[in-house]
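Could you look this one over with me? I've jotted down some notes on the packing.

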Amino acid sequence: RELADKNDLTLGASITADAFRTYPDDPAVAQTLTREFNAVTTGNALKMGPLRPERYTYNFEDADAIVNLGVKNDLLVRGHALVWHNQTPGWFYPWEYTDDQLREFLRDHIHTVAGRYRGKVDVWDVVNEAVADDGTMRETAWYDAMGEEYIDLAFQWANEVAPEADLFYNDYGIDEINEKADGVYALLERLLDRGVPIDGVGLQMHAFRAQEYVTPEALGENIRRFKDLGLDVHVTEMDVAYDRENVPEDHLEHQAQYYRDILEACLDNGCDTLVTWGVHDTASWLRNYDQTITDDPLLFDEDFDPKPAYFAIKDLL
Ligand code: XIL
């Protein structure tokens with residue numbers, strides 16, 4: 001954390017409410033987070049599904065706990081995510097709404113959530129994963145109802161109630177220049193042309209098969225073109241895994257080098273933020289998500305001991 005501060009690097013990790021609920025007597029997550037990082041992302045807590053168990057009830061308990069931990073410990077707080085097509089509540093059937101009702105619904109949601117955390121959440125992932133893998137707009141309920149304008153509106157509504165926050169578009173698979181990243185680039189260019197209040201783009205950087213994933217050069221090139229649009233670029237959800245059929249002999253060393261190279265490319269090209277998707281391996285979403293890849297993708301191991309990747313980052317700073 002100290003080295004990150006010295007290097008003007010925002011080094012963060014996401015945490016989930018498990019840190020307070022499943023292990024209430026084990027403060028290791030919070031301790032490691034606040035000792036080693038200067039930023040926190042709100043894991044699942046602010047996604048519409050977990051946040052809104054019933055139609056008219058918000059459950060802010062988990063999100064408040066994470067946000068307050070961040071504020072109390074002087075961490076930069078990243079809210080994730082105001083608009084997403086995934087992890088919506090079970091009661092939410094978009095086809096039961098007219099287009100206008102859906103628009104009202106989304107405005108109300110953003111005003112309620114972003115407004116509550118005004119002055120506490122420093123950066124918002126306003127829209128998450130709105131572009132399909134082929135670079136076209138993803139067909140979601142929001143898109144069906146409003147067309148691309150839902151993105152403009154989401155940023156405007158967030159800006160209305162949280163004018164001091166930095167507002168980001170966030171996506172996966174856009175870490176290097178490819179069809180999808182081109183689609184995102186074109187979208188962001190249109191938003192900027194229309195005067196939408198967007199500050200930056202988040203590259204999730206889930207490196208599931210790290211040997212075949214983005215190189216530092218390719219990342220650098222991609223960061224530069226987004227920067228040239230006038231946007232900030234953050235790495236927002238990094239984890240580094242390997243195909244179980246093809247794990248390098250010392251994969252923790254490979255992983256260390258990978259983290260280091262990505263951070264170096266990031267810093268060299270004017271990206272000042274790197275967030276890992278979890279503090280320690282036990283909490284990684286990859287433990288449930290994909291059994292064909294390794295499940296120790298983070299900077300701290302199951303015992304909260306720092307891994308080679310931690311020391312590689314420390315070395316670079
Ligand atoms: C993941 C969470 O880590 C899991 O716990 C959950 O079951 C599914 O979502 N991109 C994102 C994150 O933007 O919100 C996702 O988080 C991982 C991929």
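1. Ground rules first. This is a predicted model, where local features need pLDDT of at least 70, side-chain atom pairs count only at pLDDT 80 or more, and totals for chains, interfaces and linings use all residues. Residues are numbered from 1 along each chain as its sequence is written.

2. Helices here are DSSP runs of H or I, at least four residues, numbered from the N terminus.

3. Beyond its neighbours within four places in sequence, Trp124 contacts Gly79, Leu82, Ala114, Ala158, Ala162, Ala165, Leu167 and Phe168. Contact is C-beta atoms, placed from the backbone, within 7 Å.

4. Helices α5 (residues 99-116) and α7 (residues 149-161) pack at about 35°, axes 9 Å apart; axes are lines fitted to C-alpha atoms over the stretch in contact, and angles run from 0 to 180 degrees between N-to-C directions. The contact residues divide into eight nonpolar, two polar and one charged.

5. Leu191 sits in helix α8 (residues 179-193). Why does Leu191 count as buried? Because 20 other C-beta atoms lie within 10 Å, and the cut-off is 20 or more within 10 Å. Setting aside residues up to four places away in sequence, Leu191 touches Ile151, Asp152, Val196 and Ile198.

Terms used: Two residues are in contact if their C-beta atoms, placed from the backbone, lie within 7 Å. Helices (H or I, at least four residues) and strands (E, at least two) are DSSP runs, numbered from the N terminus. A residue is buried if 20 or more other C-beta atoms lie within 10 Å of its own, exposed if 12 or fewer, and partly exposed in between; C-beta atoms are placed from the backbone. Ala, Val, Leu, Ile, Met, Phe, Trp, Tyr, Cys and Pro count as nonpolar, Asp, Glu, Lys and Arg as charged, and the others, Gly among them, as polar.
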